[in-house]
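Subject: Structure handover

Hello,

Here is the structure I promised to pass on. Please open it alongside this message; my notes follow below.

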Amino acid sequence: MPTLLVTGSNRGIGLELCRQYAAAGWSVLAACRAPSAATDLNRLRSESLRVIELDMADPACIRRVAYDLRDQSIDLLLNNAGVIGTQSKSLGQLEPEGLIEVLRVNTVGPLLLCEALLEPVSRSRRRQMVAVTSGMGSIGDGGGGYYAYRCSKAALNMAMHTLARDLAPRGITVCVINPGWVKTDMGGPDAKLSTEQSVQAMKARLDALRIEDSGRFLDYKGGEWPW
Ligand SMILES: NC(=O)c1ccc[n+]([C@@H]2O[C@H](COP(=O)([O-])OP(=O)(O)OC[C@H]3O[C@@H](n4cnc5c(N)ncnc54)[C@H](OP(=O)(O)O)[C@@H]3O)[C@@H](O)[C@H]2O)c1
């Protein structure tokens, strides 16, 4: 049974990732920052779905989780947790702490988690590290505003692209995937996709992931996004 570790698993896309991977027979390590308050996620608990505490803004917490999982085998490390940054969206509102907080969660945390879980991923059969990014992190795609979010996702893309090169000798596939515009707290009610639709499409892409895909910016529905 392959193992998935997914961050930000208590709601939105992360919760649906847990549902669909568990239903497909995977062993799921569902990471979230407040397990005791994760009502929907706790309903999914089973022998093959374990809930673990992980705050992506806290490097000490990342190190602790990596220590606890040091003997595990993790086939797919899926960095999904993210924040859009309620402050530092528009010109005239920018402030350093707001910008840095978004970078901490969306960029620094995922990179540190990949580094910390290198051995458990290396010893797995699939050896895959994927981050849920956004079309808003694409320079080629354009668009204005949302400074903190766009910068954090563009930097996440670079971090994962660099990991893809550095980890190629270890046979690890590293890529980023755009989930589309999804109805969640972040995506809002006008989004085009339900979490079920987005995750179903992303899972199909990730199920077919090969080492040749390493370093790619995948789109949930097929094809690639411009960097
Ligand atoms: N929805 C969209 O349209 C869309 C489009 C493109 C990309 N994305 C990306 O998809 C991913 C999931 O987004 P979503 O739409 O599901 O958003 P969401 O509904 O707002 O959920 C965000 C998740 O991230 C978690 N999170 C936030 N800060 C965290 C931290 N410091 N440590 C651990 N977990 C933290 C949240 O946990 P708490 O409940 O504890 O806050 C929650 O589980 C994000 O990376 C987002 O950027 C979403």
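A residue counts as buried if 20 or more other C-beta atoms lie within 10 Å of its own, as exposed if 12 or fewer do, and as partly exposed in between. Keep that cut-off in mind for β6, where T173, C175 and I177 point one way, V174, V176 and N178 point the other way, and all are buried. That makes six buried residues out of six, so β6 is mostly covered by the 20-atom criterion. One caution before the rest: this is a predicted model.

The sheet

Seven strands make up an open sheet with parallel pairing. Their order is β3-β2-β1-β4-β5-β6-β7. Neighbouring strands are turned by 20° against each other on average, ignoring direction.

You can follow the pairing from strand to strand. Strand β1 (residues 3-6) runs parallel to β4 (residues 76-79), and three bridges join them. L4 has L76 as its bridge partner in β4. For L5, the partner in β4 is L77. Next, four bridges link β4 to β5, again parallel. Here N79 has A131 of β5 as its partner. Five bridges then join β5 to β6, also parallel. A131 turns up again, with V176 as its bridge partner in β6.

Strand β4 is covered on both faces. L76 and L78 lie on one side, L77 and N79 on the other, and all are buried.

Helix α6

The buried residues of α6 are A148, Y149, R150, S152, K153, L156, N157, A159, M160, L163 and A164. An α-helix has 3.6 residues a turn, so residues three or four places apart point the same way. The buried residues of α6 pack against α4 (96-116), β5 (128-132), β6 (173-178) and β7.

The ligand

Which residues come nearest to the ligand? Of the 28 residues around the ligand, they are G8, G12, G82, T184 and G187. Helix α1 (residues 12-23) gives the largest share of the shell, three residues. By class, the shell has 14 nonpolar, 10 polar and four charged residues.

Loop residues to look at

Two residues other than glycine have a positive phi. R127 has a phi of about 55°. R127 lies in the loop between α5 (118-122) and β5. With 20 other C-beta atoms within 10 Å, R127 is buried. Y146 has a phi near 50°. Y146 is in the loop between β5 and α6. With 19 C-beta neighbours inside 10 Å, Y146 counts as partly exposed.

The C-alpha atoms of A34 and S122 are separated by 28 Å, and the two residues are 88 apart along the chain.

Best wishes

Terms used
Residues are numbered from 1 along each chain as its sequence is written. This is a predicted model: local features need pLDDT of at least 70, side-chain atom pairs count only at pLDDT 80 or more; totals for chains, interfaces and linings use all residues. Two strands pair if DSSP finds at least two bridges between them. Axes are lines fitted to C-alpha atoms, for helices over the stretch in contact, and angles run from 0 to 180 degrees between N-to-C directions. A residue is near a molecule or strand if its C-beta atom, placed from the backbone, lies within 6 Å of it. Ala, Val, Leu, Ile, Met, Phe, Trp, Tyr, Cys and Pro count as nonpolar, Asp, Glu, Lys and Arg as charged, and the others, Gly among them, as polar. Two residues are in contact if their C-beta atoms, placed from the backbone, lie within 7 Å.
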